[in-house]
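Open the model in your viewer and keep the selection tool handy. We will go from one stop to the next, with a word on what to select and what to look for there.

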Amino acid sequence: MNKTFLVSGFLFLVVGSCAAQDARQIVTEAQNRSRSKSQQYEGTLEVVGSSNKVSLKRWIYQRIGSFGASKAILRFTAPPEVKGVALLIVNHPDRASDQWMWTPAIERDRRIALQDRSTRFFATDFSFEDLEERDVNQYDYKLAGEDTVDGAACWKIESKPKESKSSQYTSSLVSVRKDNYVIVQIENYNKDKLIRRVHYSDIQQVDGIWTARSTEVYDPGRQSRTVLKLEKLQYNVPLKEDDFTLEALRRG
Amino acid sequence: MILLRLISWPYIRKHLLRWMLTLAGIVLGVAVFVGMHTANQSVLYAFRQTVDRIAGATQLQISAGETGFDENVLDRVQAVPQVRVAVPVIEAVVSTALAGQGNLLILGVDMTGDRGLRDYDLESGDAAVDDPLVFLAQPDSLIVTESFARENRLAIGGKIPLSTMQGEKRFTVRGIMKSGGLTSAFGGNLAVMDVYAAQKVFGRGRKFDRIDLAVSDGASVDTVARRIKALLGPGFQVQEPSARGQQFESISRIYSLTADITSAFALFIGMFIIYNTFQIAVTQRRAEIGILRALGATRRQIRTIFLGESVVAGLAGSLLGLALGIGIARVMTGYIGALLGEVYGIAQRADEISTDPKLMLFAVVLGVITSVVAAFIPARAAARVDPVQALQKGKYQQLSAGENRTRRVSAFIVALLAVGCVLLRKYHALVYVADALAVVAALLLTPTLALLVARMLRPLLKLLSPVEGTLAADSLLQAPRRTSGAVAALMLSLALVVALGGLTRASYDSILTWLNVALNPDLFVTPSESLTARDFRFPEAMVDQLRAIPGIAEVQGVRDARIEIRGTPIMFVAADVESLVRRANVPPVAGDARTMYREAARGRAVLASENFALLRGYKLGDMIDIPTPRGLLHLPIAGIVTDYSDQEGSILMDRSVFKRYWNDDTVNIFRVYLTSGATEADVKRRILERFSAERRLFVLTNRDVRRYILRLTDQWFGITYVQIAVAVLVAVLGIVNTLTVSITDRRRELGVLQAVGGLRNQIRRTIWLEALTIGAVGLILGLAFGALQLYFSLVIVVEDIAGLRLGYEYPYQISLALLPVILAVAFISAIGPAESVVRGSLVEALEYE
């Protein structure tokens, strides 16, 4: 799972008026700069609960294709109880992604019913909705001002889902760095209540693409946070379409 | 009120024992009514609560009877635009090896989407579920309720041994649900499991039991239900969760009806005791009534006094009955829950009783009305008392010849009407009318017949004991009003005993015949100890694996499940008909044995059980529309056979049809025939050796299955025995009441007897013989009327309610057994009153009244 996978839902939410056109251009530029044919990394996910209980998971992530039409496979490698469990995500430009899960212990794949998209993603602080790649035209947005995040100057962009779009969030504040168009923070609100804050750090250029290698999601309601770290990150690696099918998922 | 206080209360206080006995009739009737209904309602309530709590925010449930359906149905339902969330469910009840825990209801759900419908309270704390991904990844994962965890001292990571298709497995607690709606389902003995793991654990293949769904905001539930029904076809039921409670009620309706009949009968017999008491009270208080009338009391006031007394008696009796009924319900709820679970194979767990205020109020009203109705005729008689005649002692004690003639004529007319109704019995309701008329005719004839029998018995009594016998017989002959109520109550009770006894005997005989003909395999291989439980199933591959075991000649795989036909869940039995007939050629009730089995074996017809045909109005050759997941299956009924697989009836079809239309090749039971020379014990051992390591199974011998079925039958008839006990108890109360009255009434007479030299033993014997005579009269009339009641029971209860045709056979054994029992009971009930007379003060007795 990389930043693109996790935050794509917050990225491309842009249409609008003359003032909003700038904001849209900013986010479109951010999208273009992070575009790649494929991606691969080893991720470490650390969930810190309100009682400071920490759980750790590791996986290998592979993606093929670009925004809106990408396919990704995520295979858990640790802890031993979940080793071999895999997720196949097939994104669509016009609707929610299809997701399947493979559980080797019962040798079964299952379609993940993502109907309640506000549900937490396997006890992390991400929700299933946060995993989706979505059409930018389904959101309105406007430039909400400027800000400084981790010492870097940023544009602050407010995005709101259009009426046709159902979302647990009524608005989001997205901070985009002015120097490299990298998203460094997203605050998701329901009405005026902050639901999740996503903070991106350890920003490095990998294979020519500026990428945050650490993503922290904070849930103020639960007082918990999830930190995702990317290792062995590579872009545009040669991957085969056949490796992103249900059959491939079952092969392990 | 003033009259009640000044006139009634002193009389009641003086005859407190008699009034207590009178109240006992109402108490018992109301108690049985409240007890059985509350127990039944508690079981239903527990089932509904479980359904309701498990349903959560579910607005519609999709099922295909008990057969389940393919996984792809879920995709089709989820694709319906107005469906907000649709999730698969598997439900099963499994036994735990935890001490004292019994069964655990397992809810197999897909946790990735299910939280849209059910609140597991997993989000509220880190401890709720340790790791959802591990929960899904490991098929041994369970989430249990907080109460279950607490009771069994289980924490996250704790182990629970459960019976599965792979034998007993240890499951791991990976989550604990905090207390809330869902957690109290099934009495808190609930565990959640991943639905795909549940498929494997319970041998469901790639099928779900049902889909729970909620519609999108603004969408109409009815519209979505219609749309899904149109999409999936008639083989699926799309209903609100509450419909499951209604199905349970429909399946267990025979039990509810039995409860109604028992309590109605108890109240009806109780009515005679009240009638008797009031009749006696009116007789004893004639002088008092005469004085009141002479002082200017109107007839209405006199009637009001007696009716007022009956209201107070009814109210007191009903309230005591309520208390006793709740006690009965507490004892019976667990028993009825277990019985319904075993007979119908439907999981529920009733730990607490649920009292319904409406039922309580109804019971009180019923008790009071019964009391008032019973007292109405005596009250009217009291109002009509002529003040002059009232002060002349003795005249009132006999029924006038005119009164007797009127009763006989009325009885004759009513009996004729009853016969007319019987002749027109094709209109079912008329049979009920005929029975009611027969009871009325019998009651009208009771005084005449009682006198007749008492006269016939007089020489015998005289022979037995010249003085005491004659005195006892004359006491009955001279005061028919005093005894007719008790005799009527005894007669009705014994008639009920004879009818129920005959019914039980006929049912047993019929079931035994069926067992001998149809259930003749040597061994039965089942996935559950209970033959009615259908939570576990075997894969079809086991047929060949079993056949390969030395000593096995033939294996028949049987799949049974309830499928909804015209709104009622009907049991379907799918088996290899050709093989079935070869081994067990059940003679048809209707149809040609040669062709009907052939047609059924080829999948061109089905066979209906006799009770299904009778209850649902199907005849030989009728077409039956069977809803299947692949659409409506339209097949003729080629034959009607006797089959007791299910109380609501069953339909037998070839397994090939079931496999084709339900896409289901799983098996509930294997019927195993042995080769000649092979022994049950050896083959059973081989089967267990072959499979016990890899799957859960039970090998039952033919004797085991017979014992199991007969045990279930016994449990079912246990309720009948309760009816019999209530009937006998009420009758005994009637005798005790009558004797107490008789003795009080004749205290002076008995005192005079003692004063002129009558020995205590002679007085004792007189009372004993009087009691024995009442018992004998009631016995003779009851056994005779029972013969008629048995006929009606067979027509009404059997054909109309249970859908069975049983042969008429008078239960001589039961009648013979009743003889000493009733006479002994009559004798025992006479001991107290007799002793009270002989040990009482002679002076007081002579001064009495």
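Two strands count as paired here if DSSP finds at least two bridges between them. With that in hand, select β13 and β14 (residues 568-575) of chain B: these two strands pair in the antiparallel sense, over seven bridges. Bear in mind throughout that this is a predicted model.

**Stop 1: along β13 of chain B**

Stay with this pair and pick A561(B), which has F572(B) of β14(B) opposite. Now select R562(B), a residue of strand β13 (residues 552-565) of chain B. Is R562(B) buried or exposed? R562(B) is buried, because 22 other C-beta atoms lie within 10 Å, and the cut-off for buried is 20 or more.

Which residues does R562(B) touch, leaving aside those up to four places away in sequence? They are G65(B), E66(B), P569(B), I570(B) and M571(B). Look at G65(B) in particular: 497 residues separate G65(B) from R562(B) along the chain, yet their C-alpha atoms are 5.6 Å apart.

**Stop 2**

**Stop 3: another sheet in chain B**

Next, select the strands in the order β6-β7-β5-β8-β4-β3-β10-β1-β11 of chain B, an open sheet of nine strands with mixed pairing. Which strands form the edges? They are β6 (159-164) and β11 (237-239) of chain B, each pairing on one side only. The twist here averages 35 degrees from one strand to the next.

β6(B) runs antiparallel to strand β7 (residues 167-177) of chain B, and six bridges join the two. Within this pair, S163(B) stands opposite E168(B) of β7(B).

This sheet carries a helix as well: α8 (residues 221-232) of chain B packs on it. Show its contacts with β1 (60-63), β3 (83-95), β10 (210-215) and β11 of chain B; the direction of α8(B) makes about 15 degrees with that of β1(B).

**Stop 4: two helices side by side**

Select helix α16 (residues 428-464) and helix α17 (residues 466-478) of chain B, whose axes come within 7 Å and cross at roughly 170 degrees. That angle is why α16(B) counts as roughly antiparallel to α17(B). On the α16(B) side, the contact includes L451(B), A454(B), L457(B) and L461(B); on the α17(B) side, it includes G469(B), A472(B), A473(B) and L476(B). By type, the residues of this contact are ten nonpolar, two polar and three charged.

Keep α17(B) on its own for a moment. Its 13 residues reach 18 Å from first C-alpha to last, close to the 18 Å expected at 1.5 Å a residue. Colour its buried residues: E468(B), G469(B), L471(B), A472(B), A473(B), S475(B) and L476(B).

**Stop 5: over to chain A**

Switch to chain A, where the secondary structure comes to three helices and 13 strands. Chain A has 252 residues, and 43% of them are buried. Of the contacts in chain A between residues at least 6 apart in sequence, 48% join residues at least 24 apart.

Select strands β7 (residues 139-149) and β8 (residues 152-161) of chain A, an antiparallel pair with ten bridges. Their hairpin has two residues between the strands, and D150(A) there takes a positive phi near 50 degrees.

Now centre on W155(A) in β8(A), which has E146(A) opposite. In β9(A), the bridge partner of W155(A) is V176(A). β8(A) and strand β9 (residues 171-177) of chain A also pair in the antiparallel sense, over six bridges.

**Last stop: where the chains meet**

Finally, show both chains together. How many residues does each chain bring to the contact? Chain A contributes 21 residues and chain B contributes 22 residues. The chain A side divides into eight nonpolar, seven polar and six charged residues.

How values were computed
Residues numbered from 1 in each chain as written. Chains lettered and ligands numbered in written order. Predicted model: local features only at pLDDT ≥ 70, side-chain atom pairs only at ≥ 80, totals over all residues. Contact = placed C-beta atoms within 7 Å. Nonpolar A, V, L, I, M, F, W, Y, C, P; charged D, E, K, R; others polar. Helix = DSSP H or I, 4+ residues; strand = E, 2+ residues; numbered from the N terminus. Buried ≥ 20, exposed ≤ 12 C-beta atoms within 10 Å, placed from the backbone. Axes fitted to C-alpha atoms, helices over the stretch in contact; angles between N-to-C directions. Parallel < 35°, antiparallel > 145°, perpendicular 65-115°, else oblique. Expected span 1.5 Å × (residues − 1).
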